[in-house]
Amino acid sequence: MITLQDVQFSYKKNKPLFDHLNLTLQPGFIYGLLGKNGAGKTSLLKHIAGLLYPDAGVCNIFGYEAQARNPEMLQDIFLVPEEFALPGVLPASYVKLHAPFYSKFNYEQLNRYLAEFDIPTDTKLANMSYGQKKKFLISFALATNARLLILDEPTNGLDIPSKSQFRKIMASALDEEKVVIISTHQVRDLENLIDNVVVLEKGHIIFNRNIAEISERMAFEHNLRGVDETEILYAEDMQGRRAGIVKNQSGLETRVDLELLFNGIVKDAAVINNHLTY
Amino acid sequence: MEFRESQAIYLQIAERFFENILQKKWTSGDKIPSIRDMAVEFEVNPNTTMRTFNYLQDKGVIYNKRGIGYFLADDGLEKTIALKKEQFLQEELPLFLRTMQLLGLSLDDLKAYVQKHPLAGS
């Protein structure tokens, strides 16, 4: 389990980025971390990985304090950043150098992922395209079998077939021990992979719920005409029509539209949270 | 796979199972692909396909042999037909009737039409 308790952090004096931030993540789930630009998603991920230290509060990762950077913890964490540099060596040399740090590293798995992603073995990493580098790093990350996998904008730079391969590989890699955190703006790419939606806004976690729970209580409508106003939790204009989130009275579970959900939460998280809690 | 309908994803995947059963791709006693295989095929979270399997098990369409996997029930086809019939009568028929009403079509009009244009394969 991962718990962030009362985390406070600021890059500049008197401008707190996190203000008593609390977050709990359970194994066996893929968490989608959403937030506007500048909300602090990447900084939050760095706190969890022990790469940034809180000014106050605690980040506890599987029983270790993240900032202690205990090797036992580090071999169970892998972070794929949005921006990264890879050295001018062949994939095999990189693997030889880095894999020994991860006690559960599986070479067979790595080769399978690299083949699925069509990564050349005879090209130096630094000379690969951004998308190829990213796919290499994702493959390596999954092959470490780290219990905590953090992916910052993983589908950025991936071509259309690679996005589908990425979803397949993620579906095959999740197990009940793993915590996966994916930060993204590309909600359409990952809509069906995420089973918990976490929203970071103004220094707090303003939302953290399971998709199944959301789809039981709320319905996402692309045309609100004829819907009673008291049923509407959030509405916006979408291509000339009124779309929105309504109370789900039918008992039938509907598909969660992550874009609408995110917009609704950012507009008024209390309305959405209260409806899910009552 | 691209999901478009407004139904929850796990129910849309259940619809694919029903198609396979109605088209007899799967028959009684057949072992069906695992929760994880299905998650990979549909590119969804395995927790989602697990809900599909639980739903179909509740409906008696599939059953679980511990440690071996999931199988299509002996009366899986009959159960599927009953479920789909109920779904047709409760969800699709009202929409159909509403459209008929809007267009001013009567059941006799439809009967006459079907007699003139026999449906392919029926």
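Residues are numbered from 1 along each chain as its sequence is written, and chains are lettered from A in the order in which they are written. Because the model is predicted, local features need pLDDT of at least 70 and side-chain atom pairs count only at pLDDT 80 or more, while totals for chains, interfaces and linings use all residues.

**View 1. Chain B meets chain A.** The contact takes 15 residues from chain A and 16 residues from chain B. Two residues are in contact if their C-beta atoms, placed from the backbone, lie within 7 Å. Helix 1 (9-22), helix 2 (35-42) and helix 3 (46-58) of chain B each supply at least two residues of the side of chain B that touches chain A. Helix 3 of chain B gives the most, with four residues. Helices (H or I, at least four residues) and strands (E, at least two) are DSSP runs, numbered from the N terminus. By class, this side of chain B has eight nonpolar, five polar and three charged residues. Here Ala, Val, Leu, Ile, Met, Phe, Trp, Tyr, Cys and Pro count as nonpolar, Asp, Glu, Lys and Arg as charged, and the others, Gly among them, as polar.

**View 2. Helix 5 of chain A is mostly covered.** Eleven of its 14 residues are buried, including Phe136(A), Leu137(A) and Phe140(A). A residue is buried if 20 or more other C-beta atoms, placed from the backbone, lie within 10 Å of its own. The buried residues of helix 5 pack against strand 6 (77-80), helix 3 (91-98), helix 4, strand 7 (148-152) and helix 6 of chain A. Just after helix 5 of chain A, Asn145(A) takes a positive phi of about 55 degrees.

**View 3. Helix 6 of chain A packs against helices of both chains.** Helix 6 covers residues 160-173. Among its buried residues are Arg167(A), Met170(A) and Ala171(A). The buried residues of helix 6 pack against helix 4 (107-116) and helix 5 (130-143) of chain A, and against helix 2 and helix 3 of chain B.

**View 4. Helix 5 and helix 6 of chain A are roughly parallel to each other.** Their axes, lines fitted to C-alpha atoms over the stretch in contact, come within 12 Å and cross at roughly 5 degrees. Angles under 35 degrees count as roughly parallel; they run from 0 to 180 degrees between N-to-C directions. Gly131(A), Lys135(A), Ile138(A) and Leu142(A) in helix 5 meet Ser162(A), Phe166(A), Ile169(A) and Ala173(A) in helix 6. By class, this contact has five nonpolar, two polar and one charged residues.

Methods. Expected span 1.5 Å × (residues − 1). Buried ≥ 20, exposed ≤ 12 C-beta atoms within 10 Å, placed from the backbone. Parallel < 35°, antiparallel > 145°, perpendicular 65-115°, else oblique.
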